[in-house]
Amino acid sequence: MAKTTARWSGQKVRFDIEAASGHKAAIDEPPVFGDDSAMRPTEMLLGALGGCTGLNAVLLLKKFKQPLRSLEVEVEGEQEKDWPRAFRQIDVTFHCGWEGKYDKELVDRALELACNRYCPIHATLSRGAKIEHHRKDAH
C-alpha cells in the first residue's frame with residue numbers, strides 16, 4: 001500500500017509531505033491563507049498526473065525504440081467555480097522532441113498505454129476511488 005504523511009509546518013497552511021520512500025515535498029497556498037512557499041495541492045495533483053504519464057511514456061517509447069530526445073507533459077485542469085472546486089476536465093498534452101524519424105503509430109500507442117494502462121494516477125482520476133476519513137487523537 002502506498003503511503004504519505006502530510007504534516008502541518010505550523011506556518012499558516014503549509015504542509016510538509018513525506019512519502020514512505022523517504023522523499024519529501026511541500027504544499028502551500030497564496031496569501032492571505034499561506035505564504036506562497038510551495039505548490040498548491042491542486043498543482044501537485046496535476047503534476048503527479050503529468051509525471052506519472054510522462055515516466056511511463058518514456059519507458060514505453062524506449063521499449064518501442066523511438067528516438068525520443070525530450071518530453072514535456074503539460075497538464076491543465078478546468079475547475080468548477082463553486083467549492084470544493086473539483087476538476088471537471090483535465091487535459092494532458094505530450095510535447096515530444098525527436099532525434100530522427102519516429103513511427104507515429106508506435107508513438108500514439110505508447111502514449112495511449114502510458115495513460116490508460118500503466119499510470120495509477122490517471123486510472124484513479126478517471127475511474128474514481130473510494131476515500132474514507134478517520135481521526136486519531138494525539139495524547
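Visitor: How many residues has the largest nonpolar core, and which are they?
Guide: In this predicted model, the largest nonpolar core draws together Ala-57, Leu-60, Leu-61, Phe-94, Trp-98, Val-107, Ala-110, Leu-111, Leu-113, Ala-114 and Cys-115. In soluble globular proteins, nonpolar side chains tend to be buried together. The count for this core is 11 residues.

Visitor: Which element gives the most residues to this core?
Guide: Two or more residues each come from helix H1 (41-63), strand E5 (87-98) and helix H2 (104-116). Among these elements, the greatest contribution, 6 residues, is that of H2.

Visitor: Which residues does Ala-57 touch, leaving aside those up to four places away in sequence?
Guide: Ala-57 is itself a member of the largest nonpolar core. With residues up to four places away in sequence set aside, its contacts are Leu-71, Phe-94, Leu-111 and Ala-114.

Visitor: How many residues form the second, separate core?
Guide: Leu-46, Leu-49, Val-75 and Cys-119 are included in this second core, which is separate. Its total is 5 residues.

Visitor: Why is the pair of Trp-98 and Tyr-102 classed as it is?
Guide: The ring centres of Trp-98 and Tyr-102 lie 4.3 Å apart. Planes under 30 degrees apart count as stacked. The planes of these two rings stand at 20°, so the pair is stacked.

Visitor: Is Trp-98 buried or exposed?
Guide: The limit for a buried residue is under 20% relative accessible area. Trp-98 has a value of 16%, and it is therefore buried.

Visitor: What class of accessibility does Tyr-102 have?
Guide: A residue counts as exposed over 50% and as buried under 20%, with partly exposed in between. Because its relative accessibility is 43%, Tyr-102 is partly exposed.

Visitor: Which strand supplies the largest share of the lining of the largest pocket?
Guide: The largest pocket holds about 430 Å³ of space. Its lining receives at least two residues from each of strand E1 (4-8), strand E2 (15-19) and strand E3 (24-27). The largest share, 3 residues, is supplied by E2.

Visitor: How many residues of the lining of the largest pocket are nonpolar?
Guide: The lining consists of 14 residues, with Lys-3, Thr-4, Ile-17, Ala-19 and Met-44 nearest the centre of the pocket. Of the lining residues, 3 are polar and 3 are charged, while the nonpolar ones number 8.

Visitor: Which residues line the second largest pocket?
Guide: The volume of the second largest pocket is about 220 Å³. Its lining is made up of Thr-124, Ala-129 and Ile-131.

How values were computed:
Residues are numbered from 1 along each chain as its sequence is written. This is a predicted model: local features need pLDDT of at least 70, side-chain atom pairs count only at pLDDT 80 or more; totals for chains, interfaces and linings use all residues. Side-chain values use heavy atoms; hydrogens and water are left out. On a 1 Å grid over the protein atoms alone, a cavity is a set of points where a 1.4 Å probe fits but cannot get out, and a pocket is an open set with protein on both sides within 12 Å along at least five of seven lines; lining residues have an atom within 4 Å of a point. Grid points are joined across faces, edges and corners, and a volume is the space filled by probe spheres set on the points. Helices (H or I, at least four residues) and strands (E, at least two) are DSSP runs, numbered from the N terminus. Ala, Val, Leu, Ile, Met, Phe, Trp, Tyr, Cys and Pro count as nonpolar, Asp, Glu, Lys and Arg as charged, and the others, Gly among them, as polar. A nonpolar core is a set of buried Ala, Val, Leu, Ile, Met, Phe, Trp, Tyr and Cys residues joined through side-chain atoms within 4.5 Å. Buried means under 20% relative accessible area, exposed over 50%, partly exposed in between (1.4 Å probe, protein chains only). Contact means heavy atoms within 4.5 Å. Rings of Phe, Tyr and Trp (its six-membered ring) pair if their centres lie within 6.5 Å; planes under 30 degrees apart count as stacked, over 60 as edge-to-face and the rest as tilted.
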